[in-house]
Amino acid sequence: MGKKTIINISGMHCNSCAVNIEHDLRKEKGVKSANVNYVTEKAHIEYDSKLTNLDRLKEVIHKAGYKATAGDEMQGMEHELEVMPKDTKMESHEIYVLKNRFVISLILALPIIYMVMGEMVGLPIPGLIEKYNIIIQLILSTAVIYASFPIWTSGFKSLLRLRPNMDSLIFVGTAAAYFYSLVISISYWMSPTEMMPKIYFESAVFILVFISLGKYLEATTKGKTSEAIKKLMGLAPKTATVLREIPNPKSQIPKIIEKKIPISEVKVGDIVLVKPGEKIPVDGQVIEGYSSVDEKAITGESIPVEKKVGDEVIGATINKTGVLRFQATKVGKDTMLAQIIKIVEDAMGSKAPIQLLADKVSLYFVPTVIGLALLSFVIWLIAGLSFAFALTIFVAVLIIACPCALGLATPTAVMMGSGLAAKHGILIKSADALEKAQKINEVIFDKTGTLTKGEPEVIDIVKINEDEEKILQIAGSAEKNSEHPLAQAVVKKAQENEIEFLPAQDFEALPGKGVKARVAGMNILLGTRKLLEENGIETSKIEEKIRELEHQGKTTIILSIDKEIAGLISIADTLKEHSKEAVDTLHKMGIKVAIISGDNQRVADAIGNKLNIDRIMAEVLPADKAKEVQKLQKQGSIVAAVGDGINDAPMLAQANLGIALGSGTDVAVETGEIVLIKDDLHDVITAIDVSKFTLRKIKQNLFWAFIYNIIGIPLAAGALYPVIGLLLSPSIAAAAMAFSSVSVVLNSLSMKFYNKNK
């Protein structure tokens, strides 16, 4: 039986830790996939429950040297786990600990910094301090190492397991500098000489201070990348006012009271009361009242939406004006807010294909760096340089090569990109979808319900022998008892025009033809040419007008009164408000646009011509939509499919990228990799634009991470020393390494200034 689980992991110090855990998990029998995200500190695991279990997976993580907690799972591959975001208190505590470690290390290091730098620039040094210089440096450097000891223990344990990580590089480098200096100092004390020995306590101290600062800044900035999740969680109200029945001692009719309860106690079917200014606690359907609701937090739409009886309301939105009573339809993890949080965090926890490169590099990077450091050490010794010089090279190479920036480059940008999209009412389900969106070169729109409203409307009323109002009155009166969508369109139009219906008798629906009725004593026929011709009414005089309307994609029905043609009513599924703008913008972006529809070619052509569509596919059965997508893919198109119905699900699944409208069916939303909450086709463009923006940031991050190592490692190894005498000290290497990681995260954080209108 297939299961998915998410396990929180603590104790990771860099991306190589995450890669090592992934490697161990994937080796476990029964594990189908394992994805460990260093930034979110979560492992997303899919496994066969017959071959392994949750406890065994936790044990694998424990054996790798990390803590595994709060694992949850659900049966069935079709289900996703409800994700519990990382505890904010735990995150704050971690930042507090790292801050204290840095401050303590800095305070202890300042005297050493003064002694070393003061000696170099001629600052006054008291005689007592100068006399006991080595002892003071030894005591203070030992204290700094003690304050930063978690770094040493992590690095040492990883080395023992033959899975070195970033801390292993720091441990080897600082331990080499410290113990070398300790041995030299002991030798000096045992056999004092006039010449003060060259010691490197300050290198170990500087490195640990900079590393502690880097880890503190990294934790602080890394925490900001998950602000989107925190803000979404903060939207949920804590309580709800529900209406409860209690016994009434004065009457057999129960008394209705208002009761405020925790939101966790609201059940499906409860009647919930929301007053002006209050947050709507859960999803539901209005049963009483009228109000405007601010849905900006969920949909990104700035204009409040009017709500009346029968309309849906969304939890965490704000009731602005009137009092609403609604019946709860979705509570807890089923509400739209919970689903949004789940989708956004799933995306943040997933990996884009571009990240695989960084992961592969991280897996082999640390062992390679240790090898390069040892090789550099040996080469300089062979070249005749001193042991101290070779040791400086060894330490500098180890420190500057820490791969944190590589590990942070992709996940931080993905987290920001997913959060940005959610802020604009776009749910991107995975990093893979985020990466694919920017490659799209053709978008296929389902016609009905996607480009069009999906509801037929009366477009034209053509006078023949009666005026427009009389035609609409007679037609509406005849059709008011019919359930047919075209009939409902006529009735709706009459109601909008406030036309009074006339009494109708002898109503008869004739499938595929129209209706017969008597309205105010008149014999009425309303329907197709065939219906009128079967009843002896000649239609040749109006044939040209009917063809003209049909050529425009409109369905035309004919009204006859007492065997005389009174007029024509044309009905069509009208375009959504922003369809034309969306298609035009896609064309400007160099993306081809196609429509696919089950309607006849004439109707599809009419819509296609209005929108200037590049490719029109009509009379396509639901089962064949996926095949049409496949044909385009074989021709080299990278296809995004946009749809809203059950019949669109196969097409969304087949496309390179499936985009579902949030107003669509659950099946379509589940199948789509991107969900547009607002049902606004402009968001197709925004999704592609956010994708391009995010990929641009990822590439920038990876460039700086790679270029930093490509330049830094040779410099640290002393490549320029024979040429210009330049040597990179371990202290400067530590500072560069620390700030390289922070700069990558800050570049990702700059994404919050994204403007979709640019």
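Helices (H or I, at least four residues) and strands (E, at least two) are taken here as DSSP runs, numbered from the N terminus. I am working on a predicted model, in which local features need pLDDT of at least 70 and side-chain atom pairs count only at pLDDT 80 or more, while totals for chains, interfaces and linings use all residues. Residues are numbered from 1 along each chain as its sequence is written, and side-chain values use heavy atoms, with hydrogens and water left out.

**Entry: Ala34**

I looked up Ala34 and found it in strand S2, residues 31-37. Its relative accessibility is 2%, so Ala34 counts as buried (buried means under 20% relative accessible area, exposed over 50%, partly exposed in between, with a 1.4 Å probe and protein chains only). With neighbours within four places in sequence set aside, Ala34 is in contact with Glu22, Leu25, Arg26 and His44, where contact means heavy atoms within 4.5 Å. I also noted Tyr47, which is 13 residues from Ala34 in sequence and 8.6 Å from it in space, C-alpha to C-alpha.

**Entry: the whole chain**

I listed 28 helices and 26 strands for the chain, and 52% of its 758 residues count as buried. Among contacts with a separation of 6 or more, 69% come from residues 24 or more positions apart.

**Entry: nonpolar cores**

I then searched for nonpolar cores, meaning sets of buried Ala, Val, Leu, Ile, Met, Phe, Trp, Tyr and Cys residues joined through side-chain atoms within 4.5 Å. The largest has 56 residues, and Leu391, Phe394, Val395 and Val397 have the most contacts inside it. Helix H13 (387-400) is one of the elements that give two or more residues to this core, and H13 supplies the largest share, 12 residues. Leaving aside neighbours within four places in sequence, I find Phe394 in contact with Val172, Ala176, Ala373, Leu374 and Phe377. A second, separate core of 47 residues includes Ile591, Ile613, Val745 and Tyr754.

**Entry: aromatic pairs**

My search of the whole structure gave 14 aromatic pairs; rings of Phe, Tyr and Trp (its six-membered ring) pair if their centres lie within 6.5 Å, and planes under 30 degrees apart count as stacked, over 60 as edge-to-face and the rest as tilted. Trp152 and Tyr178 form an edge-to-face pair, 6.3 Å centre to centre with 75 degrees between the planes. This pair links distant parts of the chain, with Trp152 in helix H6 and Tyr178 in helix H7, 26 residues apart, and both residues are buried. For Trp380 and Phe389 the ring centres are 5.3 Å apart and the planes at 70 degrees, so this pair is edge-to-face; Trp380 and Phe389 are buried.

**Entry: H5 against H6**

I read the packing of H5 and H6 as an angle of about 65 degrees with the axes 4 Å apart (axes are lines fitted to C-alpha atoms, for helices over the stretch in contact, and angles run from 0 to 180 degrees between N-to-C directions). H5 and H6 are therefore roughly perpendicular to each other; angles under 35 degrees count as roughly parallel, over 145 as roughly antiparallel, 65 to 115 as roughly perpendicular and the rest as oblique. On the H5 side I find Ile145, Tyr146 and Ala147, which meet Phe149, Pro150 and Trp152 in H6.
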